[in-house]
Amino acid sequence: MPFINVKTNANVSKEKAEDIKSALGTAITAIPGKSEGWLMVGVEGDYTLYFKGTNAPAAMVEVQLYGSPSGSAMSELTSRITGILSDALAIPPDRVYVSYMCTENWGWNGSNF
């Protein structure tokens, strides 16, 4: 039950958002047991975002996960995410932050796991 939220100051057309969503659906498999079948994705373009004092293309990506994946799995996902944003929006990997929140408490369909 992962959620990936992308906020970027780059312009993101509907087509680019769809491309990012599809690529993240593949990327999430870096985390064992996760798939696009349970993935929720948010993409917010034209977000007011400054990094290193400038508004050059940048992104903040929040990844929320049910469970506790290994550090190596999260590193692999970070690599995939930065690659996706580089390919889709020309955002250099060194201008992307990826944060992780892992929890054993996740609600869905009126109850918690």
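Asparagine 109 is exposed, since its relative accessible area is 62%, where exposed means over 50% relative accessible area, buried under 20% and partly exposed in between, with a 1.4 Å probe and protein chains only. The model is a predicted one, in which local features need pLDDT of at least 70 and side-chain atom pairs count only at pLDDT 80 or more, whereas totals for chains, interfaces and linings use all residues. Residues are numbered from 1 along each chain as its sequence is written, and side-chain values use heavy atoms, with hydrogens and water left out.

Asparagine 109 sits in the loop between strand E5 (107–108) and strand E6 (111–112); helices (H or I, at least four residues) and strands (E, at least two) are DSSP runs, numbered from the N terminus. Its phi is near 60°, a positive value in a residue other than glycine. Most residues other than glycine have a negative phi. Alanine 90, in the loop between H2 and E4, likewise has a positive phi, of about 60°, although it is not a glycine, and at 57% relative accessibility alanine 90 counts as exposed.

| Residue | Relative accessibility | Class |
|---|---|---|
| Asparagine 109 | 62% | exposed |
| Alanine 90 | 57% | exposed |
| Serine 22 | 32% | partly exposed |
| Threonine 103 | 17% | buried |
| Leucine 77 | 0% | buried |

Two packed helices are described by the angle between their axes and the distance between the axes. Helix H1 (residues 14–27) packs with helix H2 (residues 71–89) at an angle of about 160°, and their axes are 10 Å apart, the axes being lines fitted to C-alpha atoms over the stretch in contact, with angles running from 0 to 180 degrees between N-to-C directions. H1 is therefore roughly antiparallel to H2, a term that applies to angles over 145 degrees. On the H1 side the contact involves Lys16, Ile20, Ala23, Leu24, Thr26 and Ala27, which meet Leu77, Arg80, Ile81, Ile84, Leu85, Ala88 and Leu89 in H2; contact means heavy atoms within 4.5 Å. The residues of this contact of H1 with H2 divide into 10 nonpolar, one polar and two charged.

Leucine 77, which lies in helix H2, also touches Ala27, Ile28, Ala30, Ile31, Val63 and Tyr100, when residues up to four places away in sequence are not counted. The C-alpha atoms of leucine 77 and valine 98 are 9.4 Å apart, although the two residues are 21 residues apart in sequence.

Leaving aside residues up to four places away in sequence, valine 61 touches Ile4, Asn5, Val6, Ile81, Leu85, Val96, Tyr97, Val98 and Ser99.

Threonine 103 lies in strand E4 and, apart from neighbours within four places in sequence, is in contact with Leu65, Tyr66 and Gly67. Serine 22, by contrast, lies in helix H1, and its C-alpha atom is 8.4 Å from that of glutamate 36, a residue 14 residues apart from serine 22 in sequence.

Terms used:
Parallel < 35°, antiparallel > 145°, perpendicular 65-115°, else oblique. Nonpolar A, V, L, I, M, F, W, Y, C, P; charged D, E, K, R; others polar.
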